[in-house]
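Morning, everyone. I have one structure to walk you through, so please bring it up on your screens.

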Amino acid sequence: KKKIAVMTSGGDSPGMNAAVRAVVRTAIYNDCEVFAVKEGYQGLVDGGDSIVQMHWQDVRGYLSEGGTLIGTARCMAFKERKGRKLGAKHLVERGIDALVVCGGDGSLTGADLFRAEWPSLLEELVTDKEFTEAEIKPYKSMSIVGLVGSIDNDMSGTDSTIGAYSALERIVEMVDYIDATAKSHSRAFVVEVMGRHCGWLALMSGIATGADYIFIPERPPKAGEWQQELKDVCLRHREKGRRNNTVIVAEGAIDDQLNSITSEDVKKVLVEIGLDTRVTILGHVQRGGVAVAHDRWLATLQGVDAVKAILEMTPETPSPLIGIEENKIIRMPLVESVKLTKSVAAAIEAKDFDLAISLRDSEFID
Ligand code: ATP
């Protein structure tokens, strides 16, 4: 009988609750015991009351709740081997032999490292006399499965991440609100959206709201030239009768020389052509609220598959990441996907923007 733990880690994203619910119920359905680790890796490091057994009814109502009800955190201690050793100790203490981590690339990097180090962490725990050889024997391998919970949609190898469509929906709703007041006053608005190194939220919301101009890190405009182009586009739209302008700026926007482009930079340019311009930084409203239907079913199907993957895993199976490709739930090697995701940022830094885009679009078929 397997004992499976589930946690949410890193930045919260709508749909994480649906993922936890699916893992809990699929585990119970398959006769496994299931535990929630509170506050991400911090709960592993703390042990005790931070690791609680979950029952069917504990996740009742989870589908329609925003955020993550089992908590999330950024945990510095887990970045140190000492913290990971404590995590291993607390899992073995509870007899847990599988872990589902729902988080972004940082959390999944941590998960991968944890699994790679697992045998040596256990050896150390025996040397430290925390456990005997006989006690650790049943825990020689730890099954780890990743689910990508991130509003940024920045993971390579999967079409969408849990939370991305909810954040997109929220942005579009907010831009519609802004457009209404902008039109009334004939104003221009610069709307800054989240996404760090990934322009997906900016691009998709820009298309969905008919923005005049969109700044994303993967397709940076030419340094020193974008200003005139932006002016020309906005003026042309005004000449055609548009009463407002909307410019969407990804928080990680840059020009092709890697200089950052901030919403204030954009505002300055628009003011130069006489537009009454305001900046709205959407901030954390993008993460808040309940998950849209897409994220609920994505998280549910992926949570179910995470448990299935655990039940099918052998000690030799590389840790899988559950993704979605062309509407099919897929498993891909966690390490490869995290590596690819990190190489996108490296390609951008090397100014190879085409490579960045192709790396993000890379596919894994199991
Ligand atoms: P988001 O995309 O929302 O930022 P994330 O999962 O990438 O989510 P991070 O803050 O990067 O968020 O990581 C979350 C936690 O995962 C960290 O606080 C830390 O506990 C753990 N973690 C991240 N990177 C590593 C690593 N290299 N080694 C061990 N643990 C890590």
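In which sense do S1 and S4 pair, and over how many bridges? They pair in the parallel sense, over five bridges. One caution before I go on: this is a predicted model.

Stay with that pairing. Met 7 stands opposite Val 101 in S4. Now look to the other side of the strand. S4, residues 98-103, runs parallel to S5, residues 143-148, and six bridges join them. Here Val 101 stands opposite Gly 146 in S5. Leu 99 has Ile 144 as its bridge partner in S5.

Zoom out to the sheet. It is open, with seven strands and mixed pairing. Read across, the order is S3-S2-S1-S4-S5-S10-S11. The edge strands are S3, residues 51-53, and S11, and each pairs on one side only. From one strand to the next, the twist averages 25 degrees.

Back to S4. How many of its residues are buried? Six of six, so the strand is mostly covered. In a regular strand, side chains alternate between the two faces of the sheet. Here, Ala 98, Val 100 and Cys 102 point one way. Leu 99, Val 101 and Gly 103 point the other way. Both sets are buried.

Next, what lies across the strands? H1 does: it lies across S1, S2, S4 and S5. Its direction is at about 175 degrees to S1.

The largest nonpolar core has 64 residues. Those with the most contacts inside it are Ile 4, Ala 5, Val 6, Ala 19, Val 20, Val 23 and Val 100. Helix H1, residues 16-29, supplies the largest share of this core, eight residues. There is also a second, separate core of 40 residues, and Tyr 165, Ile 248, Val 249 and Ala 250 are among its members.

Take Ala 5 as an example. Which residues does it contact, leaving aside neighbours within four places in sequence? Phe 35, Val 37, Ile 51, Leu 91, Ile 96 and Leu 99.

H1 has a helix partner too. The axes of H1 and H10, residues 293-312, come within 7 Å and cross at roughly 35 degrees. The crossing is right-handed. On the H1 side, the contact uses Ala 18, Ala 19, Ala 22, Val 23, Thr 26 and Ala 27. On the H10 side, the residues include Asp 295, Arg 296, Ala 299, Gly 303 and Val 307. By type, the contact has nine nonpolar residues, four polar and two charged.

Glu 39 has a positive phi of about 60 degrees, although it is not a glycine. You will find Glu 39 in the loop between S2, residues 33-37, and helix H2, residues 41-46. Glu 326 also has a positive phi, about 45 degrees, and is not a glycine either. Glu 326 lies in the loop between S10, residues 320-325, and S11, residues 328-333.

Is Glu 39 buried or exposed? Buried, because 20 other C-beta atoms lie within 10 Å, and the cut-off for buried is 20 or more.

Note on methods
Residues are numbered from 1 along each chain as its sequence is written. This is a predicted model: local features need pLDDT of at least 70, side-chain atom pairs count only at pLDDT 80 or more; totals for chains, interfaces and linings use all residues. A nonpolar core is a set of buried Ala, Val, Leu, Ile, Met, Phe, Trp, Tyr and Cys residues joined through C-beta atoms within 7 Å. A residue is buried if 20 or more other C-beta atoms lie within 10 Å of its own, exposed if 12 or fewer, and partly exposed in between; C-beta atoms are placed from the backbone. Helices (H or I, at least four residues) and strands (E, at least two) are DSSP runs, numbered from the N terminus. Two residues are in contact if their C-beta atoms, placed from the backbone, lie within 7 Å. Axes are lines fitted to C-alpha atoms, for helices over the stretch in contact, and angles run from 0 to 180 degrees between N-to-C directions. A crossing is left-handed if the near helix is turned anticlockwise from the far one by less than a right angle, and right-handed if clockwise. Ala, Val, Leu, Ile, Met, Phe, Trp, Tyr, Cys and Pro count as nonpolar, Asp, Glu, Lys and Arg as charged, and the others, Gly among them, as polar. Two strands pair if DSSP finds at least two bridges between them.
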